[in-house]
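Biologist: I am new to this structure. Can you show me how to read its charged pairs and its pocket?

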Amino acid sequence: MSDRYDPPEEQIQKVLRKYTPRQVAIAYLRSSRRARQAEAAFDVMDGIQGATAAAATGDYKSAKDELQKAMRRIKRDKQHHA
């Protein structure tokens with residue numbers, strides 16, 4: 001999520017005229033939350049895929065490590081949203 005988007009100044013001014021600062025803040029916080037959730041989902045899926053690949057080759061220790069990594073990410077995301 002490191003891509004930086006710099007909207008044109010005219011779009012910024014249009015949003016500032018149309019919405020209150022509170023509405024802008026709420027939209028920003030919702031968007032940030034969705035981005036964190038998407039990043040967490042990709043991290044968990046990566047761990048599951050890694051575990052599956054490791055298990056398919058018989059490397060059960062690596063499979064276990066990948067699943068534990070995925071579980072840690074799930075727990076961290078749950079704590080952040082608690």
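Biologist: Is Glu66 buried or exposed, or partly exposed?

Modeller: This is a predicted model. Glu66 is partly exposed, with a relative accessible area of 23%. Buried would need a value under 20%.

Biologist: Which residue forms a salt bridge with Glu66?

Modeller: Start with the general idea. Side chains of opposite charge can pair when their charged atoms come close. Here Lys69 pairs with Glu66, with the closest N and O atoms 3.3 Å apart. They are three residues apart in helix α3, so about one helical turn separates them. Lys69 is partly exposed too, at 36%.

Biologist: How many salt bridges does the structure hold?

Modeller: Four. Another one joins Lys61 and Asp65, at 3.0 Å between the closest N and O atoms. These two sit four residues apart in helix α3, again about one helical turn. Lys61 is exposed, at 58%. Asp65 is partly exposed, at 32%.

Biologist: Now the largest pocket. What classes of residue line it?

Modeller: Eight nonpolar, three polar and no charged residues. The lining includes Tyr5, Ile12, Leu16 and Tyr28. The space is about 370 Å³.

Biologist: Which helix gives the most to that lining?

Modeller: α2, with five residues. Both α1 and α2 supply at least two residues each.

Notes
Residues numbered from 1 in each chain as written. Predicted model: local features only at pLDDT ≥ 70, side-chain atom pairs only at ≥ 80, totals over all residues. Heavy atoms only, no water. 1 Å grid on protein atoms, 1.4 Å probe; cavity = no way out; pocket = protein on both sides within 12 Å on 5 of 7 lines; lining within 4 Å. Points joined across faces, edges and corners; volume = space filled by probe spheres on them. Nonpolar A, V, L, I, M, F, W, Y, C, P; charged D, E, K, R; others polar. Salt bridge = Lys/Arg side-chain N within 4 Å of Asp/Glu carboxyl O. Buried < 20%, exposed > 50% of the residue type's maximum accessible area, 1.4 Å probe, protein only.
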